[in-house]
Structures are given as structure tokens and as C-alpha cells.
Amino acid sequence: MGLIRSWVQSANAADCPFPLNNLPCGVFSLGEDEPRCGIAIGTFVLDVTGLEEEGLLTLDGAPLLGVPFWNEVMAAGPAVWHALRARLTALLAEGAAERAAVEPFLHPLSQVALHMPFLVSEYTDFYAGRHHATNVGTMFRGAENALPPNWLHIPIGYNGRASSVVVSGTDVRRPWGQVKGPDHPVPAFQPSRRFDIELELGAVVGTPSEGPVTVAEADAMIFGYVLLNDWSARDIQAWEYQPLGPFQAKATATTISPWIVMKAALEPFRTPTPAREVPLLPYLHEPGPMLYDIALEVALQPEGGTETVIARTNYAEMYYSAAQQLAHHTTSGCAMNTGDLLGSGTISGPTKDSRGSLLELSWGGKEPIAITGGTRSFIEDNDTLTLRGQCRGAGYTIGFGECVGKVIPALADPYAR
Ligand code: CA
């Protein structure tokens, strides 16, 4: 499928991240107005809450867009998601009869503020990148025990904190925490000195489930995907993580991109998971390709300095798909809710410059990487980290919008009172 042309001319450029093929879901505000639901098209956001109020967009016979989050549409299920895309495509396509009625609901993206696109019900983070798991395991436990014995059988994960999830553009305060390591023979409480990113993709659950679901059912439950930065304090993590996994090291913030790219926009880019090294149990078998060919990059910009792209990789590098992770998540009978967010795990490729965290890029700080005007082992105060992702179609691009966070200095000792 090629570009679907729109009367919004900026949406027809081959490198525009928001063509009519994309229609990602966000929440925006104009000036002092209350936030509303919007769809990105070209260099504009389309006020779909306004379209619904005006009777130009009717979904499921009831208002679903009168709230500043997409959860009601997400919960309504695949038939409504399809109807939304079909109606918006008709309204925005070249030659659409409703152009004059729709045009007043377009606002330049440069003039709006973007907010959290959905209410996060719960957040689970996985560990499904083989290169990342091998790299981190080698550093933490040695090459012999790099990949845990369960890793090739189970998409392993931990229950994170929904309260940690923030939208792109939110500053991230360097955390304090308890550390112990080669530099600390006894535990110390101090600002993290090894603060890091994790380049991930987040799957957003639309329809809820009760009881175990298959991989195919799990895939059908997924509304869309966002870029996700799982900020990680490596010095805190190394001391706290055994035996129950990461805790405070991952709880400072998790940044997501402001647009949910619906699964339908990604369909042309489906690609299979790699060959299984050991057979998976039947409940994890995939009925078809469940990964996507999404080119990803990480950029680092010091305060007042020039940006350097420090990593380039692809979501197709994952060993487990989000559908497999979601299916596995339900095996215990765990109910999944509208607005559940599943982090993929860090997406690293096989080469040094395709590693999705500074921990890997600088090999635990032993091999600082070059950036314009300096070097980095971990994030320094006032560095801005930006994740980007895009799929390249025939004559068009599906973009995610940027996932940006600036790390601001730690506060004074929070317990010195
Ligand atoms: Ca992670």
C-alpha cells in the first residue's frame, strides 16, 4: 500500500511522520483551554473531540471523545477502532466533500501542548531483547551466566509503576538511592551517578481480558504502540535487583511519546520474531508475524550543545513480541485492563552502535562514547535524551513523534531536614 493522499498538503510529503496512513491518537491543548483528544495529520492536530461534538464523527452511538484521554475508544474494541480510522480517512482524503466543515478543527502542531494520550492502568516491563539481556547479563554476572536459564522459554518481566509514566517533554529529576559497589564498601545514600535510558517500545492494551488468552487474542487486544524510555539508575539497580528484580532503580520516571500509533497503521510493517533457539511451549506460539520493522534511534544533547545520535536499532531485533508478552502475562489468570502499558524491554541490536542503553554503549562506563564536544558513560545533568522511531513505506513514513526527557540535577539530600 502506498501513500493515502490528503487535502492536508503537509501530510503528503514522503518524510512527514503523520500522513493519512498514520492517524496517531494524542491529547492536546490550545492556550489555556482544557485538553482534548486529537489526531496528528501533517503539521496539524485534528480536534476529534470537536468533530464528535459537531456530529461529524460518531463512534459506537455514544460520545467516546468527551474526555481528555483515549481510554474509552480503546475499551470499545477493534470494530470501533476500524470505524474511527475509516471515518477520519474519508473526512481527510483528497477530494473529501466535508473539507470545509473539518478544516476549522485543524490546529498547527507548533501551537499546541501535548499531554498523556491515555490513562495508564498498570505498567509492566519486560526484558525481551536478546542482545540487551546478553550484554547486561555479561556485565552483571559474567559471560558464563549472561542469559538466565529461563530466558529462552519465558518472556520475563516485572510489575512496574503506572505512577512513573510521564509524557514526552517532562523533565526527569536525577534520583537519590541506596548504592553499594566497588566504590562503596558499605551502602551509601546518594544521587545516582549512573543514570541511564532504556530504548523500548510500549504496547498499549485496548480491550480488557479475564483469564488466559492466546497470542492471537492478545494481538487483537493491543490498541497501539508508543516509544518508551525506561529511565534506569544502574548503581541503584545493581545493588537492589536480586532476588526480586528492579525496584527503585526504575521508579523515577518512564517517558512515553505523545502519540499512540494504532496497530492498523503498522500492519504493512509486520515482521516475524527470529528463529527460536529452543522450541517454545504451545501457548506462546505465534499465528503470524508479530513484530514490526520500526527504525529507532537515540540522541543525546548536552545543555547548549549539539545533538549526537548515539544509537540506531530496530524493533525487529526483539526475541519476543508484545503479543507473546501479553499472552504470557495472562497465563496465571491475571486480568488485563484497558490502559495497561507493556514495555518491550531494551531494544539493542548486534553491533556496538545499536545498543539501546548507555550501560551497554559505554560497557558499564569502561568505554565512554564520543559525543560532539565530549564523551559520556552515563547521563550528565541537563542532558536531553530523545528517542525517535519510524516505519518507511512506499512514498510515506509512519512516525511516532519524539520521546524527549531532560535530566535535571538532583535535589539537596531529601532527608536533611
Ligand atoms: Ca526496561
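**Between the domains.** I looked up the area buried between domain 1 and domain 2, and found about 2,000 Å². Carbon and sulfur atoms give 71% of that area. Buried area here is the accessible area (1.4 Å probe) that two parts lose on being put together, summed over both. In domain 1, I noted that Cys 25, Met 74 and Trp 81 lose the most area to domain 2, together 28% of what that side buries.

**Ground rules.** I am reading a predicted model, where local features need pLDDT of at least 70, side-chain atom pairs count only at pLDDT 80 or more, and totals for chains, interfaces and linings use all residues. Residues are numbered from 1 along each chain as its sequence is written, and side-chain values use heavy atoms, with hydrogens and water left out.

I find domain 1 at 9-115 and domain 2 at 123-408, with bounds from an automatic or database domain assignment. Their centres, taken over C-alpha atoms, are 29 Å apart. I see 28 residues of domain 1 in contact with 25 residues of domain 2; contact means heavy atoms within 4.5 Å. I checked for salt bridges (a side-chain nitrogen of Lys or Arg within 4 Å of a carboxyl oxygen of Asp or Glu). The count between domain 1 and domain 2 is 0.

**Calcium site.** I then turned to the ion. Asp 125 (OD), Glu 198 (OE), Glu 200 (OE) and Asp 230 (OD) coordinate calcium at 2.2 to 2.3 Å. Donors are N, O and S atoms within 2.8 Å of the metal (3.2 Å for Na, K and Ca); water is not among the atoms, so sites may look incomplete. Glu 198 and Glu 200 are both buried, meaning under 20% relative accessible area (1.4 Å probe, protein chains only).

Note on methods:
Buried means under 20% relative accessible area, exposed over 50%, partly exposed in between (1.4 Å probe, protein chains only).
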